[in-house]
Amino acid sequence: CLSLGGGFGTLRRMKKPVILISSIIFLLATFLIVFAANDGFRKCDLKQDTVCFDKDLKQYSIEENAVLTLEVNTLEYGEAIKSLWSTLHPDANPLNIVLDNEGSSDVMVLNQNDAAIHYNELLVLDTNIENKVSTISSELNLEGLRYLPMSGEGFAFITNKTELERLTGNWTDTNANNIHDAFESYESIINAQGDWQTDKRKLVLSLSEPYTIYPLLTSNGWKIFEEYSSYYPGFENESFLESLKFIETLSTVNWNGSENNSAISYTWDFPNVLFDDSFVFSQVATWMFVEEMDSKHESEWVISSFPKALNSSDSSLHPMLTEVMGYSINSTTLYPSAAHELIRLMYSLDGLQAKVNNDDRILLSDKETLDGLNFINSIQKQFAYAFLESESEPLSAVEDYPNLLAIRLFYEIDLESTIQRLWNKEITVEEAQIELALKSDQWIISKTKLFEGKINHE
């Protein structure tokens, strides 16, 4: 006979698969009801749906008789995209290409600041559109993808490869990042430079303006306004203190051969050292006519992202882009699905190839995409890879003054004078941090309506 204990055990074993099957059936039934209630079985139809993505063709449907206007920076690029569109969609109407149409186009080109101003006019894009540089202009996309960066301007690192080879031997770059394997950090440059006999500047620095100081401040991962709040630029953070220690370390070397290594002697000399070919390492900006300067000299130069601060650092320094250009769909477009298809085409490999073939602006994309492109211009290619480590200017507005960007604080608190005093050993790193935090607080208070009109009367 069956014992009582065995009966309960058998019953329990029988119940488990029954309960599991019942749960699966219940969940499946619930899913099907919800799916059907939301037209899940219905094929996307532009008569009922705003935007339709065909998963088989991996492209968007185009509304009947759709006519799109595309705004571009160069007509050559516009004509190249127009040709791609007609090839892929021969039955669709040709694109209208315009220059600087001031926001009335279906697909608009905007710098990130203008995109912030016109934020409410930017259509939230379908989730099948991929943003390959999500860290750039990220504030514009916190509430749905509205803005796709495409090109940028700004600073990168540059090495005089010919002079470095003369000083240290054959060039080695096993990870193909355009930085010599032995000098992947500023620390390694500091340790080696004492033995170099050269009439060129070993490292060109500027301590006279914030833009070229900013990369030095990111040496320990610090980023200004990382919390997207105009009240918290982040000068009190430990990572910022560590970046000040890095600048203090740099100040132990007389990089420019001046009499006292005074901070005031480190001025904006980047174009001059290119013109004279008088550097080993330096910074370079996209607008400095690098190709023309390089052609004047026998030396070979290579452009890259910035090195790390220390051998033990996790990442390289991060410069701030001086401009970001990108595309958005106008929320007033009559043809949102066709506009999505145009955006998809523009950011495809063929579309981006058309960009680099017909526009000398520096492409912003991820490494995998850059690897799939054929760059005719070597300088353009080097800048594009260098910008993989760049940041965009924060777009957070001052809370009480929405038309004023909080990043103005960085340029208006006289940061450079504090950095110069630190360089000259007139203050410690801790004193420099406190001084900049107090300057920051004063600026923020002056832009806060709670204290409006009181500061100047005290």
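Let's start with strand β9, which covers residues 279-285 and is mostly covered: seven of its seven residues are buried. Buried here means under 20% relative accessible area, exposed means over 50%, and partly exposed is in between, with a 1.4 Å probe and protein chains only. Helices (H or I, at least four residues) and strands (E, at least two) are DSSP runs, numbered from the N terminus. Keep in mind that this is a predicted model, where local features need pLDDT of at least 70 and side-chain atom pairs count only at pLDDT 80 or more, while totals for chains, interfaces and linings use all residues. Residues are numbered from 1 along each chain as its sequence is written, and side-chain values use heavy atoms, with hydrogens and water left out.

Which strands pair with β9? Strand β8 (residues 201-203) runs parallel to β9, and two bridges join them; here R201 stands opposite F279 in β9. Two strands count as paired if DSSP finds at least two bridges between them.

## Helix α6

Helix α6 (residues 210-217) is mostly covered too, with eight of its eight residues buried. These are P210, Y211, T212, I213, Y214, P215, L216 and L217. What sits over them? The cover includes the strands β7 and β9, along with α7 (238-250), α8 (270-276), α14 (408-412) and α15 (415-423). Contact means heavy atoms within 4.5 Å.

The N-terminal end of α6 has a cap, E209: one of its side-chain oxygens lies 3.1 Å from the backbone nitrogen of Y211. A polar contact is a pair of N or O atoms within 3.5 Å; within protein, one must be able to donate a hydrogen and the other to accept it, and residues adjacent in sequence count only if both atoms are side-chain atoms.

## The largest pocket

Next, the open spaces. On a 1 Å grid over the protein atoms alone, a pocket is an open set of points with protein on both sides within 12 Å along at least five of seven lines, a cavity is a set where a 1.4 Å probe fits but cannot get out, and lining residues have an atom within 4 Å of a point. Grid points are joined across faces, edges and corners, and a volume is the space filled by probe spheres set on the points.

The largest pocket has a volume of about 490 Å³. Its lining has 23 residues, and A176, N177, N178, S305 and Y385 lie nearest the centre. At least two lining residues come from each of β10 (301-304), α12 (367-371) and α13 (378-386), and α13 gives the most, with five. By class, the lining has eight nonpolar, nine polar and six charged residues. Ala, Val, Leu, Ile, Met, Phe, Trp, Tyr, Cys and Pro count as nonpolar, Asp, Glu, Lys and Arg as charged, and the others, Gly among them, as polar.

Leaving out residues up to four places away in sequence, S305 touches F157, I179, A386 and E389.

## The second largest pocket

The second largest pocket holds about 410 Å³ of space. Of the 14 residues that line this pocket, A116, I117, L395, A397 and L405 are the closest to its centre. The elements giving two or more residues to this lining are α3 (112-117) and β14 (401-405), and β14 gives the most, with four. The lining of the second largest pocket divides into 10 nonpolar, two polar and two charged residues.

Most residues other than glycine have a negative phi. Y228 is found in the loop between α6 and α7 and is partly exposed, with a relative accessible area of 39%. D277 is not a glycine either, and its phi is positive at about 55 degrees. D277 has its place in the loop between α8 and β9 and is buried, with a relative accessible area of 8%.
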